[in-house]
Amino acid sequence: DGSSLAPLITKLNEIRHAHPALAQLRNFEVHDADYDQILDVVKDFYSLIIADCGTNITHPATQAVLAHSDALIIPLDAKQDSADEAVAAIDYLHSAYAKDPDTNLPVTDENGHRRWLYRHLLARTIVVVSHQRPGKRPFDVDKSLAWFQERVHEVHVIPYDPHLEESAEIFPDRLSPATTSAYRGLAAKVADLFPVHSRALTRVG
């Protein structure tokens, strides 16, 4: 009847199962108005939902995801432009507040305090820093890590790995033991954020 996304998701899964080339399909783009409906469908099948939002944190679709998120992962490469994007994302999460749709004025509580939209998520945010090839670009990693550590729940470091530098499909058996161990450590840190009454884990960046 056009009011539910459930038949469309069912059809998508039928197509994936019927065509082996699509069997690994995991990602498809949705709009902000669709996200509530998608959650209503998938929450009965998955206990953990991961949404990859890219770098535009103010995009309406990202806003819809953030509204339902219980934890955030902010990845960055150990280089200045990537760190700047992560800093901007964290600053936004700290400063975004609810606005009246008619007046565009801040929504406040009975004490006159603004209603912060996402500041609470910083206590459940992990920043993941992936090292670059040694000597590739000058970057003060320690200074950057210190800034993030003051503002989020956890900062996790992934060592340089030639396979990750290829920027192509990642094959776990081609990662170095140190990289594999680092990702397992990251998974453990994410797991420590749960259990909560979870709806979504969001990757920003």
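Reader: Which residues in helix 3 are buried?
Author: This is a predicted model, so numbering runs from 1 along each chain as its sequence is written, and local features need pLDDT of at least 70, side-chain atom pairs count only at pLDDT 80 or more, and totals for chains, interfaces and linings use all residues. Side-chain values use heavy atoms, with hydrogens and water left out. Helix 3 spans residues 60–67 and is mostly covered, with six of its eight residues buried (under 20% relative accessible area; exposed is over 50%, partly exposed in between; 1.4 Å probe, protein chains only). The buried residues in helix 3 are A61, T62, Q63, A64, V65 and L66.

Reader: In what order do the elements of the protein chain run from the N terminus on?
Author: Helices (H or I, at least four residues) and strands (E, at least two) are DSSP runs, numbered from the N terminus. The protein chain has seven helices and five strands. From the N terminus on, the order is α-α-β-α-β-α-β-α-β-α-α-β.

Reader: What share of the residues in the protein chain is buried?
Author: The protein chain exposes about 13,100 Å² (Shrake-Rupley method, 1.4 Å probe; for residues, only the protein chains shown count as cover). Carbon and sulfur atoms supply 53% of that area. Of the 205 residues, the buried share is 33%.

Reader: Why is strand 2 largely enclosed by the rest of the structure, and how many of its residues are buried?
Author: Strand 2 covers residues 71–77. One of its residues is A71, which counts as buried because its relative accessibility is 0%. Strand 2 is largely enclosed because, of its seven residues, the number buried is five.

Reader: Which residue of strand 3 is the bridge partner of L72?
Author: Strand 2 pairs with strand 3 (residues 125–130) in the parallel sense, over six bridges. Two strands pair if DSSP finds at least two bridges between them. D77 stands opposite S130 in strand 3. For L72, the bridge partner is T125.

Reader: What is the hand of the β-α-β crossover from strand 2 to strand 3?
Author: Strand 2 and strand 3 are parallel. The chain crosses between them through helix 4, residues 80–95. With the strands pointing away from the viewer, a clockwise path from the first strand over the helix to the second counts as right-handed. This crossover is right-handed.

Reader: Which residues cover the two faces of strand 3 with buried positions?
Author: Strand 3 is largely enclosed by the rest of the structure, because six of its six residues are buried. Both faces are covered. One side holds T125, V127 and V129, and the other holds I126, V128 and S130.

Reader: Which residue of strand 4 stands opposite V129?
Author: Strand 3 and strand 4 (residues 154–158) run parallel. Five bridges join them. Opposite V129 stands V157.

Reader: Which residues does V127 touch, not counting residues up to four places away in sequence?
Author: Contact means heavy atoms within 4.5 Å. In the protein chain, 69% of the contacts with a separation of 6 or more join residues 24 or more positions apart. V127 touches I74, L76, I90, F148, V152, E154, V155 and H156.

Reader: How far apart in space are A71 and L193, C-alpha to C-alpha?
Author: A71 lies in strand 2. In sequence, A71 and L193 are 122 residues apart. Their C-alpha to C-alpha distance is 7.5 Å.

Reader: Is the ring pair of Y92 and Y118 stacked, edge-to-face or tilted?
Author: Rings of Phe, Tyr and Trp (its six-membered ring) pair if their centres lie within 6.5 Å; planes under 30 degrees apart count as stacked, over 60 as edge-to-face and the rest as tilted. Y92 is in helix 4 and Y118 is in the loop between helix 4 and strand 3, 26 residues apart. Their centres are 6.2 Å apart and their planes lie at 35°, so the pair is tilted.

Reader: What is the angle between the planes of W147 and F148?
Author: W147 is partly exposed at 25% relative accessible area, whereas F148 is buried at 1%. Their rings form an edge-to-face pair, 5.2 Å centre to centre. The angle between the planes is 90°.

Reader: What is phi of N104 near?
Author: N104 sits in the loop between helix 4 and strand 3. Its phi is positive, in a residue other than glycine. The value is near 65°.
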